[in-house]
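The sequence and structure come first.

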Amino acid sequence: MGSHFLHLLLFSAIVAAFFGALLRRRAAEQWRLGALIWLAMVGGTLALAYLMYPFPH
Amino acid sequence: MSVADDTPHRPRGARTSSWRVGLTAMAIVSGWLIPGLGHIVLGRVRRGIFFATLVLGSFALGMAHDGRLALRDDRQAPILSALQVVANAGVGVADLLARARVYGVATYSLPRDPAEREYGTRLTILRDRTKSIASIYGTAYLWAAGLMNLLLLFDLWDIGRGRND
């Protein structure tokens with residue numbers, strides 16, 4: 001798998017599922033926290049990438 | 001992802017504290033050696049299987065992408081390289097087996113003397129693995145797997161102490 005973006009989605013999913021299950025006991029809360037972590041990781045990375053876009057390598 | 005309501009049915013009668021401490025210690029050791037097994041030992045079977053899938057899945061992805069199996073290097077950045085080894089070793093036996101397959105021997109460090117033949121051999125293998133573009137992702141998966149499993153040991157401690165029911 002060579003796509004950087006797919007790695008971002010997959011890695012975020014693993015980490016989000018882990019912390020969702022670790023830090024919450026009820027299923028609904030686990031899903032909610034997992035989704036929040038996943039969105040924060042993916043969204044934060046894309047936002048950072050967008051901010052860095054104008055700068056040269 | 002639902003691993004809720006996984007509290008086991010307890011037998012009637014109070015368990016002695018020494019029995020509980022022993023069981024917790026056994027769960028922590030087995031949980032480190034084989035991810036998820038500690039939770040199963042404490043009766044959280046679904047939770048154990050779920051965490052085992054996550055940790056070992058992440059570890060397998062790391063190996064498939066030529067992740068860095070760090071070696072402690074006394075000559076360059078001994079503390080940082082040791083921390084990398086700790087992150088790797090968090091997975092337990094799976095990391096040991098992976099090292100035996102990759103380096104030919106289950107090792108966690110480079111020899112102290114660079115003149116030793118093994119020093120050059122291990123360094124070459126380590127550098128060859130990290131040449132591929134995907135290796136940096138592989139390293140992230142491997143370290144995430146190890147660190148997640150180390151965090152699970154604290155969860156086992158809490159469950160064993162009765163603070164996580």
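## Interface and pocket

The rule finds 1 salt bridge across the interface of chain A and chain B, a salt bridge being a side-chain nitrogen of Lys or Arg within 4 Å of a carboxyl oxygen of Asp or Glu. Its partners are the side chains of A:Arg25 and B:Asp155, at 3.7 Å, N to O. On the side of chain A that touches chain B, two or more residues each come from α1 (4-23) and α2 (27-52) of chain A. The most, 10 residues, come from α1(A).

The model is predicted: local features need pLDDT of at least 70, side-chain atom pairs count only at pLDDT 80 or more, and totals for chains, interfaces and linings use all residues. Residues are numbered from 1 along each chain as its sequence is written, chains are lettered from A in the order in which they are written, and side-chain values use heavy atoms, without hydrogens and water.

In contact (heavy atoms within 4.5 Å) are 17 residues of chain A and 21 residues of chain B.

The largest pocket has a volume of about 190 Å³. Of its 13 lining residues, the closest to its centre are B:Arg68, B:Asp73, B:Gln76, B:Leu123 and B:Leu126. Lining residues have an atom within 4 Å of a point on a 1 Å grid, and a pocket is an open set of points where a 1.4 Å probe fits, with protein on both sides within 12 Å along at least five of seven lines.

| Surface | Residues by class |
|---|---|
| Side of chain A that touches chain B | 11 nonpolar, 4 polar, 2 charged residues |
| Lining of the largest pocket | 6 nonpolar, 4 polar, 3 charged residues |

Note on methods. Points joined across faces, edges and corners; volume = space filled by probe spheres on them. Nonpolar A, V, L, I, M, F, W, Y, C, P; charged D, E, K, R; others polar. Helix = DSSP H or I, 4+ residues; strand = E, 2+ residues; numbered from the N terminus.
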